[in-house]
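Colleague: Thanks for making time to go through this model with me. Could we take it piece by piece?

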Amino acid sequence: MTGFKPLTSLLIKPAGPDCNLRCEYCFYLKKSEFFQRSPTHRMSRDVLRETMRQALEQGGRQISFGWQGGEPTLMGLNFFKEAVEFQQRFGRGQEAANGLQTNGLLLDPEWARFLAEYKFLVGLSLDGPAHVHDRYRRTAAGKGSQALVEERARMLLSEGAEVNALVVVNDYSAHYPDEIYGYLKSLEINYMQFIPCVELDPSRRGRAASFSVNPDKFGEFMRKLFDLWWDDFQGLRPTTSIRLFESLFHLYVEVPPPLCTLLEECGTYLVVEHTGDVYSCDFFVDEEHHLGHVLNDRLIDLLQSDRQQTFGEDKAQLHAECRDCSWLGICRGGCPKDRLNNPTGNGLSALCPSYKLLFPYIDERMRDLARRWNVRQSLQGEAPGRNDPCPCGSGKKFKQCCGA
């Protein structure tokens, strides 16, 4: 049984599934059918206040708030100013971190200055250059959004905001890893997250949606990205941050990874919808995974609840092929939603072939990087001379190896 879970992270959807784009591959727009009490969905001040109060009073030394949607900026800038005010009012000296996932269209210089001042990490949905991004990320009128998003990216960076590109890898974009990586670097966006699009076709049972990425193609895409990421290292330091690779490196040095899909169990955070209803996970906002309501329940109790406990432990119910797999210690069977979205229905992650291509390809280099990193950590200021043999046993001089 899992022990007590500290409240360290909330994912908040203040505008529910509402969005000013109509991206063809978006899974959350369909949640409008789940929230049918009103045509628009907006979080009330009371729900915002109570969410911030509970999080800061029940959370530990560090707590992160992820603001997602739909499109959270539909709430307007004053909503987020008030959220920060509540964090300051209810905080007990904690470190409160905010992340905003946005398509960027509603941002202006005032927004950018606010996000920079309060150190929001802006996750900007930007799939790549125009022919890639506009393939699926279009307005209700069918117009592409790439030019506007690129403009917003430049504005955010010029104001000093921290920008993380959120790239959905779909059936089309999977063909262009070099171009996408180079494009983001040309914008001086050095923080990147690549999200595989894995959805089923609701009209054709047992078929992947047409825009879903082919598992083998995603594996090849990530292998190429790894090479690009690796080639940009300076010594032991990556000059580009790619979330999956950095999370995998955590595992190689035996540190819990920040990416929840690589954890042994799920259920380490909570989702607060615009209504104040609390759910187990972003991908499981439904009646089965409804935990309670922020105005009626304590968040910390919901995190420990039997339903959340069961949700977390269910991830460890693995297919026999997973239990015998040499990569189980890294993969952990994959995200449960990717098991459900596997067209074969066999209980394996739809991305299992992807990772069987990726992990053997990167393993030797990751092990070498981890070995060198561990050596550097163990030296703790007692490093040998730069021309001395490296203590890691590589046969190289220290300056050419762990001292690089």
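**Cysteines, sheet and helices**

Modeller: Gladly, and let me start with Cys 260: its relative accessibility is 34%, so Cys 260 counts as partly exposed. Please keep in mind that this is a predicted model.

Colleague: How far is the sulfur of Cys 260 from the closest cysteine sulfur?

Modeller: A disulfide needs two cysteine sulfur atoms within 2.5 Å. The closest sulfur to that of Cys 260 belongs to Cys 335, and it is too far for a bond, at 6.4 Å.

Colleague: And how many disulfides does the count come to?

Modeller: Cys 19 is in no disulfide either, as its nearest cysteine sulfur, in Cys 23, is 6.0 Å away. With the 2.5 Å cut-off, the number of disulfides is zero.

Colleague: Which strands stand at the edges of the open sheet?

Modeller: The ten strands follow the order E7-E6-E5-E4-E3-E2-E1-E8-E9-E10, with mixed pairing. An edge strand has a single partner, so one side of it lacks a neighbour in the sheet; that describes E7 (241–242) and E10 (290–293).

Colleague: Which residue in E8 is the bridge partner of Lys 13?

Modeller: Strand E1 (residues 9–13) runs parallel to strand E8 (residues 270–273), and four bridges join them. For Lys 13, the partner in E8 is Glu 273.

Colleague: How are H7 and H8 oriented to each other?

Modeller: Helix H7 (residues 215–231) packs with helix H8 (residues 243–252), their axes 10 Å apart and at an angle of about 80°. Angles of 65 to 115 degrees fall in one class, and H7 and H8 are therefore roughly perpendicular.

How values were computed. Residues are numbered from 1 along each chain as its sequence is written. This is a predicted model: local features need pLDDT of at least 70, side-chain atom pairs count only at pLDDT 80 or more; totals for chains, interfaces and linings use all residues. Side-chain values use heavy atoms; hydrogens and water are left out. Two strands pair if DSSP finds at least two bridges between them. Helices (H or I, at least four residues) and strands (E, at least two) are DSSP runs, numbered from the N terminus. Axes are lines fitted to C-alpha atoms, for helices over the stretch in contact, and angles run from 0 to 180 degrees between N-to-C directions. Angles under 35 degrees count as roughly parallel, over 145 as roughly antiparallel, 65 to 115 as roughly perpendicular and the rest as oblique. Buried means under 20% relative accessible area, exposed over 50%, partly exposed in between (1.4 Å probe, protein chains only).
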